[in-house]
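Thanks for coming. Please look at the sequence and the structure on the screen, and I will walk through a few parts.

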Amino acid sequence: MTPERGRHIVHTVIDSPYGPLTLVATDGTLSGLYMVGQRHRPPEESFGEPDPRPFPEVVRQLGAYFAGELTEFDLPLRLNGTPFQREVWGRLQRIPYGETRSYGELAELLGKPGASRAVGLANGKNPVGIIVPCHRVIGSTGGLTGYGGGLDRKQRLLVFEGAAAEAPATATLF
């Protein structure tokens, strides 16, 4: 995420079972959710000034999700990316809680059966992790593959949602 000219960007940091989460809002709408150490995490200076005011509903829904009381988020999002990335991120939002899809399955659903690698790259650039559930995408053999928040977090999220058994994460890069 790069600062957008003429936009009001603010952030806040909240605790979660997966470590601190940085929430970013652009013009009052959630535009980022980043984990500590996340790959493709924008520089801190792009997050704007600290301000918790735009985030009460985001915090409420994340709290309900982490408590096991919410399986689908209902939040306005500002997803900045290419048209293809936004298309992939839209598909991610349709993967039901407790289920997974492979990169190849997503490419098929997008009508681009040869684009599983491009789907993986777009998945990795998802600016709103957890809420846009990129952790629900796995390799074609069922193994865990690259996750910007780390394979351990991906495994823990999938176990939490009941989409995976408790087992060590096996790394497969896409």
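What is the mean pLDDT of the protein chain? The mean is 90, and 91% of the residues reach 70 or more; pLDDT is the predictor's confidence in each residue, from 0 to 100. This is a predicted model, in which local features need pLDDT of at least 70 and side-chain atom pairs count only at pLDDT 80 or more, while totals for chains, interfaces and linings use all residues. Residues are numbered from 1 along each chain as its sequence is written, and side-chain values use heavy atoms, with hydrogens and water left out.

Over residues 168-174 the pLDDT is below 50. Beyond near neighbours in sequence, that stretch has 18 contacts in the model, where contact means heavy atoms within 4.5 Å.

Now to the helices. Helices (H or I, at least four residues) and strands (E, at least two) are DSSP runs, numbered from the N terminus. At what angle do α2, residues 83-92, and α4, residues 116-124, pack? The angle is about 80°, and the axes are 9 Å apart. Axes are lines fitted to C-alpha atoms, for helices over the stretch in contact, and angles run from 0 to 180 degrees between N-to-C directions. That makes α2 roughly perpendicular to α4, a label for angles of 65 to 115 degrees; under 35 is roughly parallel, over 145 roughly antiparallel, and the rest oblique.

On the α2 side the contact is made by F84, Q85, V88, W89 and L92, and on the α4 side by A118, V119, A122 and N123.

Which residues of α2 are buried? They are Q85, V88, W89 and L92. Buried means under 20% relative accessible area, exposed over 50%, and partly exposed in between (1.4 Å probe, protein chains only). Seen down the axis of α2, these buried residues fall within an arc of 100°, so they line one face of the helix; the arc is that of the directions from the helix axis to the C-beta atoms. An α-helix has 3.6 residues a turn, so residues three or four places apart point the same way. The buried residues of α2 pack against α3 (103-109), α4 and β6 (137-138).

Last, some loop residues. D27 sits in the loop between β2 (21-26) and β3 (29-35). D27 is not a glycine, yet its phi is positive, about 50°. H40, in the loop between β3 and β4 (49-50), is also not a glycine and has a positive phi of about 65°.
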